[in-house]
Amino acid sequence: MQPWVDFPASNRIVYPMKLGTFSDAVINADLPVPAGIIGPQGKKAAKRFDVYRNNVIVGLVGSLVDIFPSVHNLVGDEFFRAMAAVYARQEPPTSPLLFEYGGGFPAFLEQFEPVQKLIYLPDVARFELIWLQAYHAADVPVLNPDALAAIAPENLAETRFIPHPAAHVVRSGYASVSILSASRSGGDLSSIDPMVGEDGLISRSNYDVEIRNLPPGAAVFLAQLMDGETLGAAAGAAMGEAENFDIAAAITAMLEAGAFSDLHTNDDNGRGSTS
């Protein structure tokens with residue numbers, strides 16, 4: 001797996017922006033200094049404004065480094081910063097909260113020609129955004145395994161689960177789960193075949209966000225439960241995708257990961273079980 005890509009000068013694109021606003025001029029260095037921007041004693045402020053422009057882009061690039069550390073590691077620092085500057089000029093932030101920036105970055109990667117050979121990269125970026133969502137999700141207790149064990153066997157199939165705010169099922173046609181996990185942990189990437197599709201679970205059972213690979217059928221199983229389906233219906237859907245689906249292992253894994261916060265059965269009329 002190649003850890004870097006070339007960044008041809010021809011791909012350092014300048015995107016056209018509308019004229020006339022301060023924010024446009026800050027992002028687009030081809031625009032003139034906005035009227036009314038002057039230096040001390042009424043002197044021209046072009047150089048000062050250029051410094052400000054540069055600082056804005058550097059700040060946005062730094063935020064993208066923080067939001068997408070795996071993408072940054074995969075392509076290398078110099079390339080990432082050059083690429084991120086192109087993105088920042090194309091899609092400036094719309095929120096004052098910089099941790100919300102970069103929502104369009106995965107789609108940008110799909111169209112950015114220099115990284116087209118890294119076909120797994122957009123999914124890695126998507127999963128990094130989900131990782132950040134999990135990190136900032138509400139801090140609520142996870143489901144206590146004893147709550148599930150207390151349900152009568154005849155009611156298990158009709159049990160429904162309440163997803164934890166930090167839990168997300170992710171699916172990719174590439175090995176994006178393993179690539180993301182290895183890149184974030186400093187693991188070895190050389191043994192990963194990027195063309196092998198993977199499913200994963202991103203969750204936060206304690207204080208740290210965790211990324212788990214899921215076996216066949218488990219993604220469908222968890223996604224069905226998160227959508228409000230019963231345990232029986234979710235298990236049926238999972239076995240329809242993977243005949244060897246192991247429901248016991250899947251339940252154990254979802255409890256360990258803290259994928260759910262509560263549960264209820266038909267006999268409690270939809271009330272939480274108090275996990």
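The largest cavity has a volume of about 30 Å³, where a cavity is a set of points on a 1 Å grid over the protein atoms alone at which a 1.4 Å probe fits but cannot get out, and a volume is the space filled by probe spheres set on points joined across faces, edges and corners. The count by this rule comes to one cavity of 30 Å³ or more. The model is predicted, with local features requiring pLDDT of at least 70 and side-chain atom pairs counted only at pLDDT 80 or more, while totals for chains, interfaces and linings use all residues. Residues are numbered from 1 along each chain as its sequence is written, and side-chain values use heavy atoms, with hydrogens and water left out.

The lining of the largest cavity, meaning residues with an atom within 4 Å of a point, consists of V142, L143, M254, L255, G258 and F260. By class these are five nonpolar, one polar and no charged, with Ala, Val, Leu, Ile, Met, Phe, Trp, Tyr, Cys and Pro counted as nonpolar, Asp, Glu, Lys and Arg as charged, and the others, Gly among them, as polar.

M254 also belongs to a helix contact, in which F221, L222 and L225 of α9 meet I247, A250, I251 and M254 of α11; contact here means heavy atoms within 4.5 Å. This contact divides into seven nonpolar, no polar and no charged residues. Helices are DSSP runs (H or I, at least four residues) numbered from the N terminus, and their axes are lines fitted to C-alpha atoms over the stretch in contact, with angles from 0 to 180 degrees between N-to-C directions.

| Helix pair | Axis angle | Axis distance |
|---|---|---|
| α6 (residues 121-136) and α8 (residues 176-185) | about 65° | 9 Å apart |
| α9 (residues 218-226) and α10 (residues 231-241) | roughly 150° | within 8 Å |
| α9 and α11 (residues 247-257) | roughly 60° | within 10 Å |

With axes crossing at roughly 150°, α9 is roughly antiparallel to α10, a term for angles over 145 degrees. The contact joins V220, F221, Q224 and L225 of α9 to L231, A233, A234, A235, A237, A238 and E241 of α10, and its classes are nine nonpolar, one polar and one charged.

Helix α6 and helix α8 pack at an angle of about 65°, and their contact is made by D123, V124, F127, E128 and W131 of α6 with S176, V177, I179, L180 and R184 of α8. Its residues comprise six nonpolar, one polar and three charged.

Conventions:
On a 1 Å grid over the protein atoms alone, a cavity is a set of points where a 1.4 Å probe fits but cannot get out, and a pocket is an open set with protein on both sides within 12 Å along at least five of seven lines; lining residues have an atom within 4 Å of a point. Helices (H or I, at least four residues) and strands (E, at least two) are DSSP runs, numbered from the N terminus. Angles under 35 degrees count as roughly parallel, over 145 as roughly antiparallel, 65 to 115 as roughly perpendicular and the rest as oblique.
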